[in-house]
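Here's a quick walk through a protein model, for anyone seeing it for the first time. Have a look at the picture, then read on.

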Amino acid sequence: MTLTTTWVDELTAALGADGVRTDPDVTAAYARDQAVLADAGTPAAVVFPRDTADVVAVMELAGRHGIPVVPRGAGSGLVGASNAVDGGITMVMTRMDAVLEVSAADRLAVVQPGVVNKALRDAVAAEGLFYPPDPASYDWCTLGGNLAMNSGGLCCVKYGVTTDYVLGLEVVLADGRVLRTGRRTVKGVAGYDLTRLFVGSEGTLGVITEATLALRPAPAADPVTLVATFATSAQTGQVVESVVTSGVVPSMLEVMDRTCIRAVDDLLRADLDRDAQALLVARSDAGGAAGLAEIAELTRLCEAAGADLVHSTPDPAEGDLLLTARRMALPALERLGDVLLDDVAVPRSRVATFIDGCDAISTQSDLVIGVMGHAGDGNMHPTIVFDAKDDEQRARAVAAFDAILELGLSLGGTITGEHGIGTLKAEWLEREAGPVSVDVQRSIKDALDPAGLLNPGKVLRRSAAGR
């Protein structure tokens, strides 16, 4: 009996035969997330815990045998954060999918990590409540993954990101201890803010097994939507800056460049302006007269910036059709080849400069690069199209990816607004944060996971000691 067989037998005894899989087709299926160029290993076992006790059992076993553990949700990530480690355990949290509580009086929900984002939205809607974070994959990504990556979405301009809605967590640490952080109250400042430490830690500090999430009253059912096209990126940037300085806070302010516009038009045959340099889509969920007033002000700002077209509608069905163009930008680009989706956030005053810079990188690399993103908070998603089977194109895609990150930093931005670091951007973290910050982060990692077993190689590059 090999050592691997021994610990797999222990896992099976703890979780049951249906909770542990070692079949090659299963281990291969859980080897990677959606990041095309991120390295991935093959796990020795894939486990499916059903409760916190199962997670504790896995972590205790991993500690005894020195086995790496990679926590994983639905696999919708884009930086390789849940990619498997050779010979390790991939812990899939999707069976822990219960909404344990919804409290209208306290405006909170208690959930397990396997709950799909949209499922929570649907569950709280019956109480007239709303969970705002809305990643593009909200209809299949899990809340555990959203928490681990501190995910954002289209409505961040008004509502913020995942961490803004996390009141408390239950986390299983590397040694199997169960930590509870945070509170159920609106306010609370007792001790260090451990909750925020774990949100966005990408499974490197602990395994989230439960979350207490803040909710908001449901927005108005009659959103007003606007679409506008512009001949230059500078005009688009002017609108974004004007929105910020005017005090208008739309629930959505999205942008697409010409490459995306043409790709979407080819896909949807939507009669879009193929000569426009940029297209803005905005929405107000203030409701009633307030919503109409917000869109009227946005219309004025777009016209003042020289928009070629401005159209708005209070009809929700027509508004959803207008939003379809933005939501289909990535699928439209995917029809052109393999894609490498970047995630750079810049100051809102530099959005136009960033879009133009990506256009220059596209020309230099001789690759199609389409830019879409959340203009309202400066979070852009340049998307590089290439042939992954062509080594020379892969090399050019990687070089373009790095050039885009460098561009973002040069504009005072960050290498990731919502997708995280994973393995894809680990070498860039020190360039942005600096060596002191990385040293502090590594110290935290070493304190909570001294053996380096939790999601090794993610976020922080391995140190000289091997972790």
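Strands here are DSSP runs of E, at least two residues long, numbered from the N terminus. Val-171 sits in one of these, strand β8. Keep in mind that the whole model is predicted.

**Starting from Val-171**

Is Val-171 buried or exposed? The cut-off for buried is under 20% relative accessible area, so with a relative accessibility of 0%, Val-171 counts as buried. Looking past residues up to four places away in sequence, Val-171 touches Arg-177, Val-178, Leu-179, Phe-198, Gly-206, Val-207, Ile-208 and Thr-209. For a sense of scale, take Val-371, which is 200 residues from Val-171 along the chain: their C-alpha atoms are 37 Å apart.

**The five-stranded sheet**

β8 belongs to an open sheet of five strands, ordered β5-β6-β10-β8-β9 with antiparallel pairing. At the edges are β5 (99-103) and β9 (178-182); each has a single partner strand, so one side of each has no neighbour in the sheet. From one strand to the next, the twist averages 10°.

Strand β8 (residues 166-172) and β9 are joined by five bridges, in the antiparallel sense. Leu-169 faces Thr-181 in β9, while Glu-170 has Arg-180 as its bridge partner in that strand. The hairpin that β8 and β9 form has five residues between the strands, and in it Gly-176 takes a positive phi near 95°.

| Helix | Strands touched | Angle |
|---|---|---|
| α3 (residues 52-65) | β8, β9 and β10 (207-214) | about 50° with β8 |
| α4 (residues 117-125) | β5, β6 (108-111) and β10 | about 40° with β5 |

**The four-stranded sheet**

β1 runs antiparallel to strand β2 (residues 45-47), and two bridges join them. Val-20 stands opposite Val-47 in β2.

**What's inside**

In soluble globular proteins, nonpolar side chains tend to be buried together. How many residues are in the largest nonpolar core? It has 57, and those with the most contacts inside it are Phe-230, Phe-354, Ile-384 and Ile-404. The top contributor to this core is helix α14 (residues 391-410), with six residues. Setting aside neighbours within four places in sequence, Ile-404 is in contact with Asp-342, Val-344, Phe-354, Cys-358, Ile-361, Ile-369, Pro-382 and Ile-384. Apart from that core lies another, of 28 residues, including Val-124, Tyr-131, Leu-169 and Ile-208.

**A pair of helices**

Last stop: helix α15 (residues 426-433) and helix α16 (residues 435-448). They pack at an angle of about 125°, and their axes are 6 Å apart. That angle is why α15 counts as oblique to α16. Where they meet, α15 brings Leu-429, Glu-430 and Ala-433, and α16 brings Pro-435, Ser-437, Val-438 and Gln-441. Sorted by class, the contact of α15 with α16 has four nonpolar, two polar and one charged residues.

Note on methods
Residues are numbered from 1 along each chain as its sequence is written. This is a predicted model: local features need pLDDT of at least 70, side-chain atom pairs count only at pLDDT 80 or more; totals for chains, interfaces and linings use all residues. Side-chain values use heavy atoms; hydrogens and water are left out. A nonpolar core is a set of buried Ala, Val, Leu, Ile, Met, Phe, Trp, Tyr and Cys residues joined through side-chain atoms within 4.5 Å. Buried means under 20% relative accessible area, exposed over 50%, partly exposed in between (1.4 Å probe, protein chains only). Contact means heavy atoms within 4.5 Å. Two strands pair if DSSP finds at least two bridges between them. Axes are lines fitted to C-alpha atoms, for helices over the stretch in contact, and angles run from 0 to 180 degrees between N-to-C directions. Angles under 35 degrees count as roughly parallel, over 145 as roughly antiparallel, 65 to 115 as roughly perpendicular and the rest as oblique. Ala, Val, Leu, Ile, Met, Phe, Trp, Tyr, Cys and Pro count as nonpolar, Asp, Glu, Lys and Arg as charged, and the others, Gly among them, as polar.
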